[in-house]
Structure formats: structure tokens, C-alpha cells
Amino acid sequence: MEGCIFCRIVKGEIPSHTVYEDNEVKAFFDIAPATPGHTLIIPKKHYENIFDMPEELLLKTTSTAKKLAHHYKEKGYGAFNIIQSSGKEANQDVMHFHMHLVPRHDKDGLDLWKSMKKGVKPDFEALKEKLKLE
Ligand SMILES: [Zn+2]
């Protein structure tokens, strides 16, 4: 897609620190990492987010995240957050599907749950009526 920074990385127009790639998927270090080793995994073809990703490519991208997590674990990184944001309201910054693989250790200073737990008390029964997948 014209102007998409990740499409330009796939084409080699913008350099990246690539740690894995095959015909469909590319993985490279986030230029502004949350922790050392913070890696982005993307499909080489442009899809905006979870809503337009073909099922098979989504599975391929996810299994690449798992493959990298296992590989990084062998290299001494024992814990990860895997984050995928779909939509601007979810803080998706680049509109090309991507997964963040963020290596964690106990003294890295990140506390993702602190920012996510806002004490929301939803009506679980009403929500279940609305959202239950039949
Ligand atoms: Zn793109």
C-alpha cells in the first residue's frame, strides 16, 4: 500500500533489523522498543488489522510469534507479552497488521496491567447477552 511504512520496509525502501522472514511474513525489531528484543511480526502483504486478515495468514503470523518466542527463550528471554492492536481506539499506530513480541524480565519497569485495570464494573449478564457467540 502506497505510503505505508511497513510495506516500504517489506520492499526494502526503509531499512530494518530483520530477525526472520519467509515468503509471507517478516519479523524485525521495533525502532522504538519497549524492551530490548521488542519485535514486530507482520504479513508481507498489506492488511489493515484483524478484520481483514485472511485466517491462514493470521495463523502463520501467530505461529511465527510463537517460533520467535521459543527461539528468544533459548537465547535467555524467558517471558513475553504478545500484543496486537486493531483499530485507532486500540492504539493501533501503523495501519498494517502487526503483532508485538515484547520480551519481559522482572526488573524492566513495565506494568501493562496497571494501565489496563481501571476498576471498570460492567453488567456481566447484560454483556454476556450482547456478546455471547452462538
Ligand atoms: Zn502496509
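His96 is buried, with a relative accessible area of 0%; buried here means under 20%, exposed over 50%, and partly exposed in between, using a 1.4 Å probe and protein chains only. This is a predicted model, in which local features need pLDDT of at least 70 and side-chain atom pairs count only at pLDDT 80 or more, while totals for chains, interfaces and linings use all residues. Residues are numbered from 1 along each chain as its sequence is written, and side-chain values use heavy atoms, with hydrogens and water left out.

The zinc ion is coordinated by His96 (ND1) together with Cys4 (SG), Cys7 (SG) and His46 (ND1), at 2.0 to 2.3 Å. Donors are N, O and S atoms within 2.8 Å of the metal (3.2 Å for Na, K and Ca), and sites may look incomplete because water is not among the atoms. The angles among the 4 donor atoms run from 104 to 117°, and the site is tetrahedral, a label given to four donors if all angles lie between 85 and 135 degrees. Along the sequence, the donor residues follow the spacing C-x2-C-x38-H-x49-H. Cys4 lies in the segment before helix H1 (5–11) and His96 in the loop between strands E4 (79–84) and E5 (99–104), so this pair ties together parts that are 92 residues apart in sequence. Helices (H or I, at least four residues) and strands (E, at least two) are DSSP runs, numbered from the N terminus. Cys4 also counts as buried, at 9% relative accessibility.

Next, visit helix H2 (residues 55–74), where Thr62 is found. Thr62 counts as partly exposed, at 36% relative accessibility.

Key: Tetrahedral: all angles 85-135°; square planar, octahedral: opposite > 155°, others 65-115°.
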